[in-house]
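This briefing walks through one protein chain, topic by topic, for a reader who is new to looking at structures. Please keep the sequence and the 3D view open while reading.

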Amino acid sequence: MGPAELLRKSLLTLADSGRVRDIVERAPVSRSVVKRYVPGAYAADVVTAVADLGANGRAATIDYLGEYTTDVEQAEATTQAYLDLLRLLADEGLTSEGRAEVSVKLSAIGQSLPADGPAIALENARTICSAALAAGTTVTLDMEDHTTTDATLEALQALRADFSFVGVAIQAYLHRTEGDCRDLATDGSRVRLCKGAYAEPESVAYQDADDVAKSYVRCLKVLLAGPGYPMIATHDPRLVEIAAALTRHHGRPTDSYEFQMLYGVRPEEQRRIADRGNQMRVYVPYGEEWYGYLMRRMAERPANAFLFARSLISR
Ligand code: FAD
């Protein structure tokens, strides 16, 4: 394992550490570092960010941060935050024409609770989907570590029976994902293909960056050959270029797929893709529980980790 890979693994391990999280969250971290990736703690901050993105042709998918839900009350509070957000977005006219939808982590709404976690998360997800339907928008389920993949895909199936607009994220680094793409590339499906952001063992995931990229291309080919709506989530310039060529090869009209990137990552590229007439959706997280999210972003780009560490030391 090279030094960059070692640093990536260490940061991903820290992303799961409750003790380190407590220390970092209490430190007066430079707001500018967090703010680059998380526009704010409140729904009102998101409304401003979504309106700014919309001003230059970018849509949004919004994630209420929180993935360490340890009790039913917290799961319900997170669900309520989504309901309030969806109402606010609709009131501000931001849910029309797919301008803003929501992304949900099942673990944040109860999936990992010891008793009946999956059932609780499914019930909360249904409540969020009903609110999204009323607001005239869609929901995408984020994908978390590999121990949750089956449960998330089962929840997707159950939700889609009543809410056909529900989409899901899948991770190219997992060996299983090409097969999952075949199952998911069906009429009306919305599938977000990303590389994957968790520290996964060799037994389930490709470890080498080139192998992950190759798997990404194979998965994308399956999705683009099918009748569904692929959501191409990557900042990798090579993959963006290959994706553009593949969409042309498959004769896909620009409204039959979209590109997605994270808030604060390669914003000029986001604008360039939107300007050339493609749909570009930006993943916008908000809330106070930014720790796990931010650590995964650091792992993707170690240069950011040094910037972040410096901001912790130089108060
Ligand atoms: P990389 O090889 O990591 O990056 C390519 C280039 O992009 C880098 O060289 C750099 O120039 C730039 N870049 C990448 N990351 C950063 C950064 N943090 N800061 C600055 N520049 C950067 N993962 C999941 O496991 N589950 C999900 O549900 C999920 N949802 C996602 C939704 C969206 C819209 C996106 C874009 C990503 C999502 N991810 C998710 C994260 C994803 O799995 C990757 O970890 C992440 O996108 C980095 O991979 P990459 O394809 O951008 O390629």
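This is a predicted model: local features need pLDDT of at least 70, side-chain atom pairs count only at pLDDT 80 or more; totals for chains, interfaces and linings use all residues.

How many of the five residues of strand β4 (residues 167–171) are buried? Five of its five residues are buried, which leaves strand β4 mostly covered.

**The chain as a whole**

- The protein chain contains 13 helices and eight strands, and 45% of its 315 residues count as buried.
- The domain assignment divides the protein chain into domain 1, which consists of 1–38 + 290–315, and domain 2, which covers 55–286.
- Where the two domains touch, ten residues of domain 1 are in contact with nine residues of domain 2, and the elements that give two or more residues to the domain 1 side are α1 (3–15), α3 (31–37) and α12 (291–300).

**The barrel and its strands**

- Eight strands close into a barrel, with parallel pairing, in the order β1-β2-β3-β4-β5-β6-β7-β8. On average, and with direction ignored, neighbouring strands of this sheet are turned by 30 degrees against each other.
- In strand β4, the residues Gly167, Ala169 and Gln171 point one way, while Val168 and Ile170 point the other way, and all of them are buried.
- Strand β3 (residues 139–141) pairs with β4 in the parallel sense over two bridges, and within this pair Thr140 stands opposite Gly167 in β4.
- Strand β5 (residues 190–194) and strand β6 (residues 229–233) also run parallel, and four bridges join them; Arg192, for example, has Met231 in β6 as its bridge partner.

**Helix α9**

- Helix α9 (209–225) has 17 residues, which should span 24 Å at 1.5 Å a residue, and this agrees with its end C-alpha atoms being 24 Å apart.
- The buried residues in α9 are Ser215, Tyr216, Cys219, Leu220, Val222, Leu223 and Leu224, and what covers the buried residues of this helix includes α8 (177–184), β5, β6 and α10.

**Helix α10**

- Helix α10 (residues 237–249) has 13 residues and reaches 18 Å from its first C-alpha to its last, which is close to the 18 Å expected at 1.5 Å a residue.
- Which residues of α10 are buried? They are Leu239, Ala243 and Thr247, and because these buried residues fall within an arc of 75 degrees when seen down the axis of α10, they line one face of the helix.
- On the other side of α10, the exposed residues are Pro237, Arg238, Glu241, Ala245, Arg248 and His249, whereas the cover over its buried residues includes α9 and β6.
- Gly251, which follows α10, has a positive phi, near 60 degrees.

**Two loop residues with positive phi**

- Glu97 lies in the loop between α5 (72–91) and β2 (100–104), and although Glu97 is not a glycine, its phi is positive, at about 50 degrees.
- Is Glu97 buried or exposed? A residue counts as exposed if 12 or fewer other C-beta atoms lie within 10 Å of its own, and Glu97 has 9 other C-beta atoms within 10 Å, so it is exposed.
- Arg266 is found in the loop between β7 (258–262) and α11 (267–275), and Arg266 likewise has a positive phi of about 50 degrees although it is not a glycine.
- With 16 other C-beta atoms within 10 Å, Arg266 is partly exposed.
- If its neighbours within four places in sequence are left aside, Arg266 is in contact with His235 and Met261. The residues Arg266 and His235 are 31 residues apart along the chain, yet their C-alpha atoms are separated by 7.0 Å.

Technical notes:
Residues are numbered from 1 along each chain as its sequence is written. Two strands pair if DSSP finds at least two bridges between them. Axes are lines fitted to C-alpha atoms, for helices over the stretch in contact, and angles run from 0 to 180 degrees between N-to-C directions. The expected span of a helix is 1.5 Å times one less than its number of residues. A residue is buried if 20 or more other C-beta atoms lie within 10 Å of its own, exposed if 12 or fewer, and partly exposed in between; C-beta atoms are placed from the backbone. The arc is that of the directions from the helix axis to the C-beta atoms. Two residues are in contact if their C-beta atoms, placed from the backbone, lie within 7 Å. Domain bounds come from an automatic or database domain assignment.
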